[in-house]
Amino acid sequence: MIHETSFLAILVFLFFAGAVLAISFYLGRKAKSAQGYFAAGGGIHWAVNGVAFAGDYLSAASFLGICGMIAFYGYDGFLYSIGYLAGWIVALFIVAEPLKRLGRFTFADALDNRFNSRGIKLAAAISTLVVSCFYLIPQMVGAGALVQPLLGFPHYVGVIVVGLIVTMIVTTAGMVSTTWVQFIKGSVLVVLCAVITVMILMRGVTTKPVDAAGKERHVAARQVTAENLAGTPLPEEGAWTGKPYVRVKDGNGIVTVWRKEADGTFSETQTLRVQKDGHKFVNGRPRGKQEGEADLMPVGYASKLPGDVEKTGPLGPLAFLRTMQESEVILWSSEKITEPDGGTTTVFFQKPTAGEDFMAPGSSPTFKKVRSSKFFDKLDFLSLMLALFCGTASLPHILIRYYTVKDQASARKSTVVGIAAIGFFYVLTLFLGLGAMTSGALDVTDSNMSAPLLARSINELLFAVISAVAFTTVLGTVSGLIMAASGAVAHDLMTNFLKMRLDDFQKVRAAKVAAMAVGVIAIILGILFSKMNVNFLVGWAFNIAASANLPALVMLLFWKRTTKQGITAAIVVGMISSLGWILLSAQAYKDVYGLNPADAIVPFSQPAIVTIPLGFLVLVVVSLFTQRTGPAAEPKREPELATAS
Amino acid sequence: MAGLDFKTPVTREQEDEAVVAYNTRIGLYLFTSYVVFYGGFMALSAFSPEIMSRPLLAGVNVAVVYGFALIIAALVLALVYMKISRKSAQ
């Protein structure tokens with residue numbers, strides 16, 4: 001679908017980006033020391049930090065990806081919401097307080113507290129960098145994907161703009177400005193989504209969708225009999241042989257594609273043909289908005305409502321969910337057909353789906369395997385849910401946020417505020433997603449745009465604001481990640497591992513240089529990976545974070561015989577095994593290398609269910625082999641008061 | 001030594017071992033109860049998805065009710081923890 005550039009969206013975006021930068025510069029003048037730069041002086045109020053947790057955590061993937069997945073497939077997107085939130089339980093009950101107690105600036109600090117081992121510092125710093133980079137890729141790709149339709153820039157321009165703004169935020173003021181960016185973004189996002197949810201409920205569900213101006217939208221034809229197909233059917237040939245489609249040529253020579261249904265009737269499809277020379281055709285006409293051109297039409301409406309009414313009118317939250325369950329909605333699937341001349345045609349076809357089906361797990365391609373009877377297929381689902389559960393408390397940009405508050409009680413309180421804000425948001429995602437599903441405004445080619453398009457179906461200003469918030473969402477998360485990565489370089493690698501003697505000023509400068517370098521890397525990766533699925537990449541990051549960091553963190557806290565060699569080995573093995581597993585999975589074969597997924601070496605795509613236990617096992621075995629006897633085995637504690645050197 | 005390159009001394013929080021041990025134990029109990037609840041959801045989704053689509057509360061199905069319950073339970077447990085955990089004497 002071609003999106004019209006919205007001047008209102010550009011204006012609102014510039015306002016948001018400008019406000020965020022202004023705050024950064026203002027606060028930047030206050031943050032001069034290393035403590036100020038990395039941990040905001042430990043002086044952030046717990047409530048602000050709590051909302052900033054939400055800002056950090058509700059990334060582009062959470063917001064755009066989950067809404068899009070629910071809008072396209074139903075309940076399965078909500079599984080991510082549940083998993084992402086449940087992860088906070090690990091953060092609150094297991095990780096938050098000890099981490100605050102043991103560390104100063106970074107995750108490596110906490111791990112290394114008892115040992116003062118260069119091996120741990122190096123391993124933890126590398127794992128922080130790897131996870132941050134993996135988590136950065138989807139954010140940058142998401143940024144580019146947003147800029148393209150909204151502001152009319154090409155993908156790479158979006159990536160570069162976001163990369164530059166974020167690097168500026170991070171280098172001006174470090175953790176203070178990053179925290180305030182998160183705070184603003186987190187609160188605006190949650191409030192805005194609540195407003196949209198109320199509007200969705202007021203609108204109710206209809207079988208005759210209208211646009212924001214009240215104009216009725218086109219509803220794709222179904223159950224058309226053969227004699228009513230306008231035009232002459234073409235013979236099945238080439239790539240079309242054996243496919244469930246018939247191509248019909250009308251009086252003007254325009255070819256449209258109809259899908260053969262099981263009952264012998266035909267239903268309207270939408271086609272996007274890309275010729276070898278790059279020219280695009282929609283439904284047989286050149287793609288565009290001019291006379292004689294065509295574009296993919298927006299979709300998403302109910303085809304049958306309970307009681308066979310046309311419109312439900314305003315609904316309460318529970319009534320809305322019940323109505324969706326008892327309705328039938330036209331979802332869209334697609335099939336790509338490669339023609340002998342090298343061009344491809346993607347056929348988007350209607351799939352009337354009962355609410356009973358899409359309101360339960362297993363209706364999307366990602367999770368459909370839970371309905372299969374094969375055990376390995378189910379493991380894939382369980383493994384992803386485990387990765388989401390364990391991954392949150394292992395994400396470096398979440399972990400460093402515990403150092404911005406003054407004590408353990410504040411760490412606890414800010415986590416509770418975070419859980420409240422994030423939980424509320426995730427409850428809303430189900431309404432937003434289902435609202436988008438029936439908004440009549442979806443783009444069949446891009447699920448990530450569902451939330452902004454839902455807003456556009458209500459009104460233009462809402463669309464402008466939500467687009468701007470989506471941008472700040474990306475900005476916020478990316479700045480947190482770059483902050484974590486620059487801390488890993490300046491504090492863990494340079495100061496602690498390489499033992500470079502840096503004073504406060506040099507250390508902050510090193511971190512800023514590192515932030516710029518990571519920013520450039522993020523821009524490059526964002527451009528390179530522009531074609532990859534955003535949610536898939538986030539899943540990877542959670543898997544790697546959980547496998548590399550969680551065993552070390554948990555065992556350090558709960559097993560007295562843990563040794564430094566055990567921790568180092570667990571991080572290295574967890575990181576390499578999960579990374580390796582992902583790169584050898586069917587998903588990577590298909591999406592990354594373009595190979596046959598059936599040839600993949602590992603039996604399922606999500607490694608967590610294997611690699612997290614492996615990390616624990618390695619830690620225990622290595623620790624047992626490296627025990628020292630006698631009193632030396634007693635862990636040595638850091639002094640309570642850290643003084644100047 | 002880690003992080004000792006500062007001009008000003010940074011005070012560490014004074015902590016009472018007994019308080020830390022008490023909070024850790026409470027945290028583990030609450031954590032375990034949530035793991036069981038979450039595990040139940042994973043098991044139901046994976047091994048009997050047909051139960052998930054049955055209506056449970058006001059016509060809303062098990063999948064949605066259980067999902068909302070998991071989110072609300074996280075907040076409730078967090079509040080309970082905040083209420084009963086202790087703070088070290090300063």
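Tutor: Happy to. This is a predicted model, so let's begin with confidence. Within chain A, helix α2 (residues 34–39) has the lowest confidence, with a mean of 62, while helix α21 (residues 608–625) has the highest, at 94. Residues 630–645 of chain A have a pLDDT below 50, and beyond near neighbours in sequence this stretch makes 21 contacts in the model. Averaged over chain A, the pLDDT is 82, and 91% of the residues score at least 70.

Chain B contains 3 helices and 2 strands, and read from the N terminus the order is α-α-β-β-α. Of the 90 residues in chain B, 30% are buried. Among the contacts in chain B with a separation of 6 or more, 63% join residues 24 or more positions apart.

Two packed helices are described by the angle between their axes and the distance between the axes. Helix α1 (residues 17–47) of chain B packs with helix α3 (residues 62–84) of chain B at an angle of about 175°, and their axes are 11 Å apart. Because the cut-off for roughly antiparallel is over 145 degrees, α1(B) counts as roughly antiparallel to α3(B).

Which residues of α1(B) and α3(B) meet? From α1(B) come Ile26(B), Gly27(B), Leu30(B), Tyr34(B), Phe37(B), Tyr38(B) and Phe41(B). Facing them from α3(B) are Tyr66(B), Leu70(B), Ala73(B), Ala74(B), Leu77(B), Val80(B), Tyr81(B) and Ile84(B). Sorted by class, this contact has 14 nonpolar residues, 1 polar and no charged ones. As you follow the numbering, keep in mind that an α-helix has 3.6 residues a turn, so residues three or four places apart point the same way.

Gly526(A) sits in helix α17 (residues 504–528) of chain A. Is Gly526(A) buried or exposed? Gly526(A) is buried, because 27 other C-beta atoms lie within 10 Å and the cut-off for buried is 20 or more. Apart from neighbours within four places in sequence, the contacts of Gly526(A) are Ile137(A), Met140(A), Val141(A), Ala143(A), Gly144(A), Val159(A) and Gly163(A).

Finally, helix α19 (residues 564–583) of chain A has 20 residues and spans 29 Å from its first C-alpha to its last, close to the expected 28 Å. α19(A) is mostly covered, with 14 of its 20 residues buried.

Note on methods:
Residues are numbered from 1 along each chain as its sequence is written. Chains are lettered from A and ligands numbered from 1 in the order in which they are written. This is a predicted model: local features need pLDDT of at least 70, side-chain atom pairs count only at pLDDT 80 or more; totals for chains, interfaces and linings use all residues. Axes are lines fitted to C-alpha atoms, for helices over the stretch in contact, and angles run from 0 to 180 degrees between N-to-C directions. Helices (H or I, at least four residues) and strands (E, at least two) are DSSP runs, numbered from the N terminus. Angles under 35 degrees count as roughly parallel, over 145 as roughly antiparallel, 65 to 115 as roughly perpendicular and the rest as oblique. Two residues are in contact if their C-beta atoms, placed from the backbone, lie within 7 Å. Ala, Val, Leu, Ile, Met, Phe, Trp, Tyr, Cys and Pro count as nonpolar, Asp, Glu, Lys and Arg as charged, and the others, Gly among them, as polar. The expected span of a helix is 1.5 Å times one less than its number of residues. A residue is buried if 20 or more other C-beta atoms lie within 10 Å of its own, exposed if 12 or fewer, and partly exposed in between; C-beta atoms are placed from the backbone. pLDDT is the predictor's confidence in each residue, from 0 to 100.
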